[in-house]
Each structure stands twice: as C-alpha cells, then as structure tokens.
Amino acid sequence: MGDTSLPQQPLVDALVFDWGGVLTVSVPEFVGAWLHAEAIDREVYGRIMREWLGRDALPDNPVFRLETGELTVPQFERLLAAELITTTGAAIDDNGLLKRMFGGATPDPAMVELVRKARASGLHTALLSNSWGEGYPKDLLIELFDTVVISGRVGMRKPDEQIYRHTLDQIGVPAGRAVFFDDAPVNVEAAQAVGMHAFRHTTADDTRATLATLGVNL
C-alpha cells in the first residue's frame, strides 16, 4: 500500500516557480563564480545587495527600479559598477555586467524535468520572476510554462502583493489552488499572505517531496 497520509487527488491546479535559484543552479553558485572570475570584493558586494535587496531596502533603490523596469539594464550596470571594487584594484567594466553575472545561471536539469512532467500531466505551470534584464532562454520558457510573468514587463515585483494577484488572474485559479516555489523567504511569505501554498525551494528532490504532500506526484 502507498502512503495513505498523502492526498489521493491534487490539492492544487497550478504550479508557480521563480527562475533564478529555482529553475537554475543556486544563486550563490553562479554569483560566486562571477565574483571569483572578476576578483570582486565579496564583502562589498554583499553589503550592496543587503542595502538594495534586503528586507529593509528603500523602495526607490536601484534593484527595485531595475526589477520594475524603471531602470534600463545599462543604467543599473553603471550604478552597480560604481559601487563595486576589486581585490586587485582593477576597474570594473559596466558594459555587459549583468550578462557576466548571470552567465553561470544555467538551468537545473532536475527542475526542468519536474516542470516538464507537471505540464505534461495537465497541471498549469507558471513562471513568476523578478527580472534583472531579459536573459531568459525563450525556447525553454515556451516549452515549460503556460503563463509567464516577468516583473520588468508588468511594472510590479515580488514581494509586492499585486504581482501575485496578477499572476493568479493570468492563470485563472484562486490562490488556494496554486503552489509557489521561490528561493527567497520574503517572496515565499508574501505568496502565503495572499493565500497561496508557498515553499522555499532548495533542491529538486525537496520540491518534489513537497508537491507530493499536495497530491502532486512527479
């Protein structure tokens, strides 16, 4: 007999995923490789990201403005390059900075297969991503997702409530019939606040096990 404590029917109709750090290798992995390759001072980078991306970040900071499309990628790259320093004293080239930063953000094969199976099973699959430019693999997004919501395209960003409600409207399901996975706790908490099932993603195996508790077996 199977585990009778698990639901026999799916408790959700839609699976919603973040991109970087969920459908890709982890953010520390690909950002760490970039920091090493360009000899960027990790402490300085960490401080800037806390100021621009942390829970106490001011709402008009460069990351927020980039993610909502108020700043262009070149404008953001100039601002970020001006704040960073290298351990070698070399100057930082702002041109193409984000492309280099995200160069190692390759798709996680296990997560790609999980989403592929979910969509093939008839579940609605959606991407909800805060964008740092448009470096997404377009063909893969078309293959994997029924709905794509990218912050810079819609002028909203996680963890703001309205982007979750917008995503649910696009999918066409109530919050309680959708599950969301993100690697950032603040984004998970915001999804829970609007009534979605929401969990922090760590590995494909853990996410698959979490889905099984909702009756989704992949």
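**Salt bridges and strand pairing in the predicted model**

In this predicted model, a salt bridge joins the side chains of Glu67 and Arg157, with an N to O distance of 2.6 Å. Glu67 belongs to helix 3 (residues 62-67), whereas Arg157 is in the loop between helix 8 (151-154) and helix 9 (161-171), so the pair ties together parts that are 90 residues apart in sequence. Both Glu67 and Arg157 are buried.

A second salt bridge is formed by the side chains of Glu143 and Arg116 (2.5 Å, N to O). Because Glu143 is located in helix 7 (residues 138-144) and Arg116 in helix 6 (residues 109-120), this contact ties together parts that are 27 residues apart in sequence. Glu143 is partly exposed, at 38% relative accessibility, and Arg116 is partly exposed at 34%.

The side chains of Arg153 and Glu134 also meet in a salt bridge (2.9 Å, N to O). Arg153 lies in helix 8 and Glu134 in the loop between strand 2 and helix 7, so parts 19 residues apart in sequence are tied together. Arg153 has a relative accessible area of 52% and is exposed; Glu134, at 45%, is partly exposed. The whole structure contains 13 salt bridges.

Strand 1 (residues 14-17) runs parallel to strand 2 (residues 124-129), to which four bridges join it; Leu15 has Thr125 as its bridge partner in strand 2. Four bridges also join strand 1 to strand 4 (residues 178-182), again in parallel, and there Ala14 is partnered by Ala178. Side chains in a regular strand alternate between the two faces of the sheet. In strand 1, Ala14 and Val16 point one way and Leu15 and Phe17 the other way, and all are buried.

Key. Residues numbered from 1 in each chain as written. Predicted model: local features only at pLDDT ≥ 70, side-chain atom pairs only at ≥ 80, totals over all residues. Heavy atoms only, no water. Buried < 20%, exposed > 50% of the residue type's maximum accessible area, 1.4 Å probe, protein only. Helix = DSSP H or I, 4+ residues; strand = E, 2+ residues; numbered from the N terminus. Pairing = 2+ DSSP bridges. Salt bridge = Lys/Arg side-chain N within 4 Å of Asp/Glu carboxyl O.
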